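Work through the exercises below with the sequence and the structure in view. Each task is followed by a solution in steps.

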Amino acid sequence: MTLSPAAMRQPHLRFGLAAIALTLSLSTPVSALQAQSVDWPLPKIKIESCKVESELNANIKQDCTAIVAEKCNGIAECELNIGYHLTLGKDIDAAAGLLGKMVSVRYDCADGLVRQRGPYSQSDHATLTLDCTMS
Amino acid sequence: MFSCPRKSLGRLVVALAIGCATTAAAQAQAVDPNAYPKLTAKEQGQLRHLVKLSSQLPGDWSGIAGNGEWEYTEHYLGFHAAFSIIALAMAQQEYTPAYREQNKEAIERLLAQLTHSDVWERWVMSSRLGTKGHQNTDMDAGWIDPVGKDNNMLKGYLLLSGSLYEKLYGDPRYQNPGAFTFKHWGWAASNGTITYRYKLGDIARIIHQEVLDSNYVGSACEPGTYFWACNSASNVGMIVYDQVHGTKYSDVVPLVKQAWITHGGLDPKSYSVGGLIQMRRGSTTAVESVLPAMLPMTGGYTGPWAGFFNNAWDPALMKAAYSANDGSDRDETLKFYVSGDWARLKPDANRYTARLRPFVQSQGTLPMIEANAPNNSVLWGFYLAFAAEMNDKDAVAKLLAYAERNFGPVWQNGEYYYPRNDDYSVDAKGNVHGVVPWTGNVFLTLGRLNKGDGLRNLIAKPWTDVDRAGPEIVNVNATTTNVSQARWDPARKSLIVSVEAGPVKAVRTTFKVLRLNPQSRYAVTLNGRAAGTIGSGSAVPNGVAKWGRDGFAVSLPLGSPQTIILREL
């Protein structure tokens with residue numbers, strides 16, 4: 001079966017092909033499977049950006065890309081606390097209130113798709129899971 | 001102090017031993033088990049039902065959930081757990097202070113229910129509200145974090161429940177990071193999860209700060225929305241927390257009361273309450289509207305709910321309010337709940353005094369309460385809980401009789417409860433069969449076992465390390481055995497334990513006794529008769545008690561109720 005590149009980019013077609021591939025692999029004789037050495041490396045997180053922005057004042061923002069990249073780059077799943085360490089312990093805009101500083105993190109999983117987490121309120125009690133394992 | 005010789009040599013010594021036993025029995029008879037609170041069969045059955053509901057698998061709300069009524073309290077799953085904790089805590093301190101394992105574990109499970117997504121994730125919707133009336137847009141974006149800001153209807157009860165647990169058991173587990181963890185799953189259809197982790201101290205600090213930030217109006221439920229009833233619970237939570245930790249959070253409690261008086265939401269002179277203050281959107285100090293204090297503190301939606309809690313620290317006002325106007329507020333409220341008017345869509349308000357008439361007139365007119373009668377079933381339960389706290393034995397008797405007659409109580413597996421019934425039709429005599437689980441399971445338990453000032457006693461007579469260090473019974477088989485009383489009386493140096501057969505038949509029950517003094521001997525009395533004395537390494541002749549290397553063990557027959565007293569000699 002020949003499919004155009006455009007068709008290949010359709011999610012449902014990709015899913016269907018994956019399902020077919022999975023079914024075929026399960027049908028493979030056990031001895032054949034045992035003879036193979038299958039390596040399924042998980043895609044790794046690559047942080048594109050992190051920023052903390054005040055909801056009250058659009059001019060107040062701070063970049064946190066380096067901090068998040070140090071923690072999460074190169075692993076498949078990352079538990080990321082989105083507390084005040086992202087702004088080096090400082091409240092960038094106290095006037096914005098407890099929930100008024102918003103954290104957004106963008107990352108990809110080496111598949112050309114950039115995922116965004118957030119915006120969520122900056123909080124020492126909050127942890128995001130950045131996840132490439134389901135890619 | 002008289003002490004019996006340990007060894008016998010012939011008839012003279014035998015006679016002396018008999019005399020010793022007789023004297024010991026006479027002294028032990030001075031300890032009258034009937035002088036101590038004891039759970040009745042129904043009270044035990046109701047508590048056993050709450051314990052059972054606490055042990056259902058996570059997410060199994062059968063017997064707990066209603067039909068979507070009481071939207072304002074997020075369908076009350078959380079309140080069912082929180083008030084169950086209060087009932088178990090009350091029973092723990094009042095009836096079985098020396099038998100803790102069952103209630104302790106049940107409270108742990110109930111606290112876990114409060115962090116279940118079915119309970120806490122209602123906040124994701126409720127955080128979009130608080131715009132009632134003319135303020136801004138209909139619904140806001142809201143947020144997920146259920147503790148960081150507002151949502152006092154959850155975190156206030158987490159504070160109270162966790163603090164009661166700490167006070168009763170001296171167990172600091174809820175001070176560990178992440179003791180209360182709220183995970184918002186969305187990984188299957190979003191970009192991942194977000195998890196919020198808090199410990200009990202965080203919650204106390206946050207609520208206290210919110211009270212300060214609001215100029216003492218309190219901690220908001222829905223955004224910008226402050227309820228007197230809700231803050232009544234968190235106020236008591238701060239008091240209990242301070243008792244355990246020596247903090248000063250509850251210094252603000254009288255100031256909260258004063259703020260509500262200043263704003264007109266509370267009037268101690270007329271014993272009236274309004275119950276709701278709204279702040280302007282985006283502000284924690286600009287009061288936008290106040291529901292004026294016009295309903296009696298005995299009745300309506302706010303009065304009994306708040307009164308149940310406020311009696312813990314403001315008993316003079318609560319007792320005065322309860323009997324205000326020559327008792328007519330109380331009489332009218334009781335009439336509302338035993339006449340069937342509580343379930344009528346349009347009760348005749350002219351049958352009531354001017355004080356309660358606005359509340360009666362409001363029935364069926366509030367657009368948010370479409371299912372009027374089931375919501376009023378909750379208020380029915382609140383009034384019972386309040387009346388019991390106020391030691392109004394007459395009202396409690398009438399309400400319990402109404403429940404017995406109408407709410408279809410059942411005995412099942414040793415549990416006694418009033419199962420949910422959605423039939424709210426009212427007969428000519430005012431009988432109504434409808435009852436929601438919050439009332440059928442929890443309020444009817446509270447109403448029956450609280451003999452007055454039950455919640456107040458939890459605060460006014462707080463356990464200390466000394467209380468917790470007293471003797472305790474453990475390893476009770478709760479399926480074969482009901483423990484109706486278990487108490488160490490330090491003044492009489494006596495442990496009093498009464499047991500009866502549980503739902504699963506057994507010939508005997510056994511349990512261990514911790515923290516007896518190994519240097520002492522104890523006189524053993526069984527069902528009022530001397531059974532001998534016992535010291536470390538010995539046993540009483542009839543096998544009832546044995547003090548070996550593996551501890552102090554008691555073995556009792558279950559063919560009939562048993563009371564054993566261990567009195568330190």
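**Exercise 1. A covered strand**

Task: In this predicted model, find how many residues of strand 15 (residues 522-526) of chain B are buried, and which residues lie on each face.

Solution. 
Step 1. Five of the five residues of strand 15 of chain B are buried, so the strand counts as mostly covered, with buried meaning under 20% relative accessible area.
Step 2. In a regular strand, side chains alternate between the two faces of the sheet.
Step 3. One side of strand 15 of chain B holds Tyr522(B), Val524(B) and Leu526(B), and the other holds Ala523(B) and Thr525(B); both faces are covered.

**Exercise 2. The partners of that strand**

Solution. 
Step 1. Strand 16 (residues 529-534) of chain B runs antiparallel to strand 15 of chain B and is joined to it by five bridges. In strand 16 of chain B, Ala530(B) stands opposite Thr525(B).
Step 2. Strand 19 (residues 562-568) of chain B is also joined to strand 15 of chain B by five bridges, again antiparallel. Here Leu566(B) is found opposite Val524(B).
Step 3. Strands 15 and 16 of chain B form a hairpin with two residues between the strands, and Asn527(B) has a positive phi near 55° there.

**Exercise 3. The buried side of a helix**

Task: Which residues of helix 4 (residues 65-72) of chain A are buried, and what do they pack against?

Solution. 
Step 1. The buried residues are Thr65(A), Val68(A), Ala69(A) and Cys72(A). They lie on the same side of helix 4 of chain A because they cover an arc of only 100° around the axis.
Step 2. The face turned away from this buried side carries the exposed residues Ala66(A) and Glu70(A).
Step 3. The buried residues of helix 4 pack against strand 1 (46-54), strand 2 (61-63), strand 3 (77-81), strand 4 (101-108) and strand 6 (126-131) of chain A.
Step 4. Just after helix 4 of chain A, Gly74(A) takes a positive phi of about 85°.

**Exercise 4. A sheet with strands from chains A and B**

Task: What is the order of the four strands in the open sheet with strands from chains A and B, and which stand at the edges?

Solution. 
Step 1. The order is 3(A)-6(A)-2(B)-1(B), and the pairing is antiparallel.
Step 2. Strand 3 of chain A and strand 1 (180-184) of chain B each have a single partner strand, so one side of each is left without a neighbour in the sheet. The twist from one strand to the next averages 20°.
Step 3. Between the chains, three bridges join strand 6 of chain A to strand 2 (residues 194-198) of chain B. Leu128(A) stands opposite Ile194(B).

How values were computed
Residues are numbered from 1 along each chain as its sequence is written. Chains are lettered from A and ligands numbered from 1 in the order in which they are written. This is a predicted model: local features need pLDDT of at least 70, side-chain atom pairs count only at pLDDT 80 or more; totals for chains, interfaces and linings use all residues. Side-chain values use heavy atoms; hydrogens and water are left out. Buried means under 20% relative accessible area, exposed over 50%, partly exposed in between (1.4 Å probe, protein chains only). The arc is that of the directions from the helix axis to the C-beta atoms. Contact means heavy atoms within 4.5 Å. Two strands pair if DSSP finds at least two bridges between them. Axes are lines fitted to C-alpha atoms, for helices over the stretch in contact, and angles run from 0 to 180 degrees between N-to-C directions.
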